[in-house]
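Here is a short briefing on one protein chain. Keep the sequence and the 3D view open while you read.

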Amino acid sequence: IPRPPRSTLFPYTTLFRSVHDLIGKLDRRFGQAVETILNCRGRVVVSGMGKSGHIARKIASTLASTGTPAFFVHPAEASHGDLGMVAHDDVFIALSNSGESDELLSIIPLVKRQGAKLVAMTGNPHSALAREADVHLYAGAEKEACPLNLAPTASTTAALALGDALAVALMQARGFTRDEFAAAHPGGLLGRKLLTHVRDVMRTGENAPRVAHTATTLAGMLEVSRGRMGMTAILDGDGRVVGIFTDGDLRRSLEKGVDIRSTPISAVMTHGPRTI
């Protein structure tokens with residue numbers, strides 16, 4: 001397979017570099033941002049305009065599902081009443097690559113007047129938004145992956161990675177557990193994997209096929225058919241499971257010429273089955 005031209009690899013290497021370069025930018029301010037959010041007695045409000053707004057929505061969603069109550073507020077809508085969602089005990093995370101987004105800058109004085117803490121994520125540490133922030137985090141890129149160096153691509157990838165890093169750091173600091181994660185994801189595959197217990201799906205009582213260890217192989221075969229599970233449990237005199245008898249055990253017994261009418265099932269069962 002011929003190697004692709006170097007020009008076609010440019011977007012991928014630029015996106016990778018935008019995330020890799022953040023490592024050298026992380027300093028004590030990242031810890032300050034984590035501490036600010038951990039000390040938050042209200043909720044985390046995430047906001048951004050345009051492409052930064054899409055990233056802000058995702059960050060808010062990730063925070064909310066990993067133990068940090070958060071929601072997204074559109075900065076333009078905030079100027080028309082939604083700013084009432086921001087309270088004194090909240091932390092306001094503002095995303096803007098330039099740090100000069102008019103829609104954000106117009107509401108920042110009101111956010112601060114409310115008493116909320118401001119965490120800014122920008123690609124310009126000298127911007128107006130960065131200067132107003134209680135904590136500023138660099139989330140930019142030297143060059144966009146866009147061949148015109150115009151469309152937000154590498155910068156939004158960097159901002160998303162930094163937001164995810166915040167969420168993960170907060171998870172670790174809170175000691176967030178799998179059970180807590182499951183509680184926030186009751187629907188879909190994640191919920192089924194984490195919330196479904198053995199007791200929810202197991203057979204009990206007469207619905208669970210079982211025969212005594214003194215029964216014949218024929219009786220065991222009939223119980224396998226009745227139970228419609230392809231197996232039956234074998235119980236001792238105290239009702240404890242000492243083995244199982246499966247369709248496979250039956251086939252192997254027939255291949256050996258076992259007389260299923262007279263042979264005790266304990267002679268052909270599988271001993272020591274795995275149980276839970």
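Two strands count as paired if DSSP finds at least two bridges between them. The model is predicted. Its secondary structure comes to 13 helices and 9 strands. The radius of gyration is 30 Å, well over the 19 Å that the globule rule gives for 276 residues, so the chain is more spread out than a compact globule.

**Overall layout**
- Along the principal axes, the C-alpha atoms fill a box of roughly 90 × 55 × 35 Å.
- Of the 276 residues in the chain, 38% are buried.
- Take the contacts between residues at least 6 apart in sequence: 62% of them join residues at least 24 apart.

**The parallel sheet**
- An open sheet is formed by 5 strands, in the order β2-β1-β3-β4-β5, with parallel pairing.
- At the edges stand β2 and β5 (135–138), each with a single partner strand, so one side of each has no neighbour in the sheet.
- From one strand to the next, the twist averages 20°.
- Helix α3 (residues 28–38) packs on this sheet and touches β1, β3 (91–96), β4 (117–122) and β5. The direction of α3 makes about 130° with that of β5.
- Strands of a sheet pair through backbone hydrogen bonds, either parallel or antiparallel.
- β1 (residues 44–48) runs parallel to β2, joined by 3 bridges. Val45 has Phe71 of β2 as its bridge partner.
- β1 also pairs with β3 in the parallel sense, over 5 bridges. Here Gly48 is partnered by Leu95 of β3.
- β3 and β4 pair in the parallel sense over 6 bridges. Ile93 stands opposite Val119 in β4.

**Strand β3: buried or exposed?**
- For β3, 6 of the 6 residues are buried, so the strand is largely enclosed by the rest of the structure.
- In a regular strand the side chains alternate between the two faces of the sheet.
- Both faces of β3 are covered. Val91, Ile93 and Leu95 are buried on one side. Phe92, Ala94 and Ser96 are buried on the other.

**The antiparallel strands**
- β7 (residues 231–235) and β8 (residues 241–246) pair in the antiparallel sense over 5 bridges. Ala233 stands opposite Ile244 in β8.
- The hairpin of β7 and β8 has 5 residues between the strands. In this hairpin, Gly239 takes a positive phi near 80°.
- β8 also pairs with β9 (residues 270–271), antiparallel, over 2 bridges. In β9, Thr270 is the bridge partner of Ile244.

- Thr68 lies in the loop between α4 (51–65) and β2 (70–72).
- Thr68 counts as buried because its relative accessible area is 2%, and the cut-off for buried is under 20%.
- The Thr68 side chain makes a polar contact with the side chain of Arg174, at 3.2 Å.
- Leaving aside neighbours within four places in sequence, Thr68 is in contact with Ile37, Val44, Leu63, Leu170 and Arg174.

**Cysteines**
- How many disulfides are found in the whole structure? The search finds 0.
- A disulfide is a covalent bond between the sulfur atoms of two cysteines.
- Cys40 counts as buried, at 17% relative accessibility.
- Cys146 is also buried, with a relative accessible area of 11%.

Technical notes
Residues numbered from 1 in each chain as written. Predicted model: local features only at pLDDT ≥ 70, side-chain atom pairs only at ≥ 80, totals over all residues. Heavy atoms only, no water. Helix = DSSP H or I, 4+ residues; strand = E, 2+ residues; numbered from the N terminus. Buried < 20%, exposed > 50% of the residue type's maximum accessible area, 1.4 Å probe, protein only. Polar contact = N/O pair within 3.5 Å; in protein donor to acceptor, adjacent residues only side chain to side chain. Contact = heavy atoms within 4.5 Å. Disulfide = S-S within 2.5 Å. Axes fitted to C-alpha atoms, helices over the stretch in contact; angles between N-to-C directions. Rg over C-alpha atoms; globule rule 2.2 N^0.38 Å.
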